Amino acid sequence: MNIKLLNSLVIYSWMVGFLQPLITHALILQQDFCGPNVIDHFFCDVAPLLELSCSGQTLLKIEVSIVALFVGLLQFLFIIITYILIFYSIFHMSSKAGKEKAFSTCSSHLCVVCTYYGTLIILYLSPSRGYSFSLNKMLSLINTVVTPFFNPIIYTLRNQEIRTALKVLLCR
């Protein structure tokens, strides 16, 4: 990676991180809200917030879908393409032990990435017809609580001493 690519990735991350929420918030501020002021969710996400709106939501739903498509899906595709290149490099390694160690590291990270992006893609790219708030809450819980909870567990299980201790503990 050269400095130009590094700077481009950093600028892209900062620009998207500031502009995307700004656009979404500007569109939410144009909504008229009526009825109960209670969001049926465990955090304030766009979909449950839109349920409280009594004005047209079409533009906001289109914006959320476009952002999810271009930001989320493109990031996920970038990661998958990167992993394809990493696996290609691993296959060309001469050391079997090196290959195993590299695959172990990559597979752990890939499990976490797929869990995270899989729930995001289902949450924000699924059609609104037949939309279930209980499914939304469950996927949001997986995305915000379960994935970060399992992240250290997945990486810890790569350690041989931890695996041995876990086998001893489970065999009792």
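## Model confidence

The pLDDT is the predictor's confidence in each residue, on a scale from 0 to 100. The structure discussed here is a predicted model. Across the protein the mean pLDDT is 81, and 95% of the residues reach 70 or more. Confidence is highest in helix α1 (residues 3-29), with a mean of 89, and lowest in helix α2 (residues 46-51), with a mean of 78.

## The disulfide and its cysteines

The structure holds one disulfide. The bond joins C34 to C54, with an S to S distance of 2.4 Å. C34 lies in the loop between α1 and α2, and C54 in the loop between α2 and α3 (58-91), so the pair ties together parts that are 20 residues apart in sequence. Both partners fall between the cut-offs of 20% and 50% for relative accessible area: C34 is partly exposed at 39%, and C54 is partly exposed at 46%.

## Other cysteines

C106 takes part in no disulfide. The nearest cysteine sulfur to that of C106 belongs to C111 and is 11 Å away. C106 counts as buried because its relative accessibility is 10%, under the 20% cut-off. C171, by contrast, is exposed, with a relative accessible area of 68%.

S140 is located in helix α5 (residues 133-156). With a relative accessibility of 1%, S140 counts as buried. When neighbours within four places in sequence are left aside, S140 is in contact with H41, F42, F43, D45 and L123.

Definitions and conventions
Residues numbered from 1 in each chain as written. Predicted model: local features only at pLDDT ≥ 70, side-chain atom pairs only at ≥ 80, totals over all residues. Heavy atoms only, no water. Helix = DSSP H or I, 4+ residues; strand = E, 2+ residues; numbered from the N terminus. Buried < 20%, exposed > 50% of the residue type's maximum accessible area, 1.4 Å probe, protein only. Contact = heavy atoms within 4.5 Å. Disulfide = S-S within 2.5 Å.
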